[in-house]
Amino acid sequence: MTARTPQGPPRPRRPRPSGSRPGGGALRLGNPRPRLRLIGVGLTLVMLVFSVRLLQVQAVDAASYAEQAQLNRYVEVPLTAERGDITDRNGVALATTVDAYDITADPYLFTEEQTGIPDAPAQAAALLAPILGRDEADLTRLLSDTSTRHVVLAREQTPQTWRQIQDLRANLAQQESKGTGTQVLAGVFSEENAKRVYPNGDLAAAVLGFVNAEDHGAGGLEASLDDQLSGEDGTITYAQSGGRRVPTAGESEQPPVPGTDVALTLDRDIQWAAQHAITEQVEESGADSGYVVVQDTVTGEILALASAPGYDPNDISAADPGRLGNPALQDAFEPGSTSKVATMAAVLEERAATPDTHVTVPNRLPRADRNFADDHNHETYYLTLAGVLARSSNIGTILAAEELGDTQQEANEVLYSYLTRFGFGQPTGLGFPGETPGILAPPEEWNASQQYTIPFGQGLSVNAVQAASVYSTIANGGVRVEPSLVRGTTGPDGEFRPAPEPERERVVSERTATQLTRMLETVVTDPQGTGGAAAIPGYRVAGKTGTSNRVDPQTGTYNGYTSSFAGFAPADDPRITVYCAVQNPTEGSYYGSEVCGPVFNEVMRFTLAALQIPPSGEEFEGLTTTFDPAE
């Protein structure tokens, strides 16, 4: 056994010198300066990048970024001027405006960038189409047009329609907040606008016309007076965010200038009476159309310009396109015997005859290549010139017209000069869109037939206002006053400005006009006269019937008849002219005395009462219409 050396207590350890390491040698700490330099350089580079970018944004590209920010934030919206009203002569509204909304949108707010939805325009269109009554594809196209910041989705919508869109948009916003839906209508807005309405429906529609979807006149006076009625549109620029207008942000506005109000010469009540009478007669006689003109003989103002059938300008989509014009001014038709008054005026003015001149009227009159006749076979008539007009003899009128010159050509030229002064073959002066000047060839172009038919109203064409103006000229003592439809205007300043005075021209002397008036009274009062249906108790009436062959506008050949009646009252102090024409009556009589005589009577009675024109002072004594050849 090996003996162990006894161990003593452990020796205490000596502390290791600072900086020493195992194995010998002192421990040295790293130098921090290079690391700090590296960090400093990095921070310097980062600050340099930020400084360069800041310089680019605030200096180099500042204008570009400002423009982009302005584009995205501010929206310019047009402000439509309120269209002027059209009223009758007493201030009763015939065409006016009511509050409505144009539904608009900003296509930029429907882009995928703004909505996060690739087909946002299509989704929005699907929601809006049934509310606006628009085609879904059309709405999608409008909402996808990013070349503009403003598109009109639907015009003149009711407040109820806009409330529907607001409610739908609110529901979508609520669903979006719950994560169950997407707001795709944030870019839909409304603009307060005015909707054109016609309070009286179809009353005077042919005169007023209508407006199109852009609220511009597309027919009638709405079109011809569009510049005055439209006014001047303005604009408003405002800030928007998320499809909503920012009320606290600055905005600029150029206010619109409202349109001018136009007062017409029409009287609403007289217009209604005329329109009611002609509508009933057209229906009763199975006619194609008809028109009535009521004119103030002294001023030339048109008090009524009615036609049938008509249309309702409040709903153009339901109207027959063929009825959207004004046939009383746009139809050219052969007037027939009502224009004999112009021939008689020429004969009297040229002193070729007097109302008492004897005219022998055979059953047939050979002229040119044919035999001319009256509307019925008869034995030889022995008539005065007044009797020729009372019985509406074509042959008697031809014989009277031949006295205007030593030769037929000379007589033609004299008659033509009077016809043009009465207004045949030239515009009425109303300036109505589409108005026809009628057809009156110069005398050197009259063929063998025309030189004998024109004196009794065939072979030339007029419109209804031209025909009425002839009678107003006689009633006004031989002075033609240019017809007018506009009485005056009221501008944005509220000042009423009367229309310019109409042109006046003396056509025949007062003596001739007085003689002719008495002859026209004889047409109504004589037992053999054709105008008995026009008689009105208490009033002296001067008038003339007309029944002419009608040119069919479809074939250009004679087919059917034009029935007419023209006259004025009171004959002893003329105030009112009424002219009626009905085209192609097919049921019952086609004679002007039976078709238009009652219309004349009804409208004239109403007008005399409406204007409180007193009855005549004394009865008409009458003129001699026949003579005894044996004496």
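**Cavity, disulfide and ring contacts**

The structure is a predicted model, and its disulfide count is 1. Its aromatic pairs number 9.

**The cavity**

- The largest cavity holds about 40 Å³ of space.
- Its lining consists of Pro 335, Thr 338, Ser 339, Phe 424, Ala 467, Val 470 and Tyr 471.
- Sorted by class, the lining of the largest cavity has 5 nonpolar and 2 polar residues, with no charged residues.

**The disulfide**

- A disulfide is a covalent bond between the sulfur atoms of two cysteines.
- Here the bond joins Cys 580 to Cys 596, with an S to S distance of 2.5 Å.

**Aromatic pairs**

- A pair of aromatic rings is described by the distance of the centres and the angle of the planes.
- The 9 aromatic pairs include that of Tyr 382 and Phe 627, which is edge-to-face, at 5.6 Å centre to centre and with 80° between the planes.
- Tyr 382 lies in strand E17 (residues 381-384), while Phe 627 lies in the segment after helix H20 (597-610), so this pair ties together parts that are 245 residues apart in sequence.
- Tyr 382 is partly exposed, with a relative accessible area of 32%, whereas Phe 627 is buried, with a value of 16%.
- How are the rings of Tyr 590 and Tyr 591 arranged? Their centres are 4.8 Å apart and their planes are at 25°, under the cut-off of 30 degrees, so the pair is stacked.
- Tyr 590 is partly exposed, at 28% relative accessible area, and Tyr 591 also counts as partly exposed, at 29% relative accessibility.
- Phe 372, Tyr 452 and Phe 456 are linked into a cluster by ring pairs.

**Arginines over rings**

- Which residue lies over the face of Tyr 381? Arg 391 does, at 4.9 Å from the ring centre.
- Another arginine, Arg 421, lies over the face of Tyr 418, and its distance from the ring centre is 4.3 Å.

**A contact between parts separated in sequence**

- Val 197 is part of strand E5 (residues 188-197).
- With a relative accessibility of 17%, Val 197 counts as buried, because the cut-off for buried is under 20% relative accessible area.
- Val 197 and Asn 314 lie 117 residues apart in sequence, yet their C-alpha to C-alpha distance is 6.0 Å.

Technical notes. Residues numbered from 1 in each chain as written. Predicted model: local features only at pLDDT ≥ 70, side-chain atom pairs only at ≥ 80, totals over all residues. Heavy atoms only, no water. Phe/Tyr/Trp six-rings, centres within 6.5 Å; stacked < 30°, edge-to-face > 60°. Helix = DSSP H or I, 4+ residues; strand = E, 2+ residues; numbered from the N terminus. Buried < 20%, exposed > 50% of the residue type's maximum accessible area, 1.4 Å probe, protein only. Lys NZ or Arg CZ within 6 Å of the ring centre and 35° of its normal. Disulfide = S-S within 2.5 Å. 1 Å grid on protein atoms, 1.4 Å probe; cavity = no way out; pocket = protein on both sides within 12 Å on 5 of 7 lines; lining within 4 Å. Points joined across faces, edges and corners; volume = space filled by probe spheres on them. Nonpolar A, V, L, I, M, F, W, Y, C, P; charged D, E, K, R; others polar.
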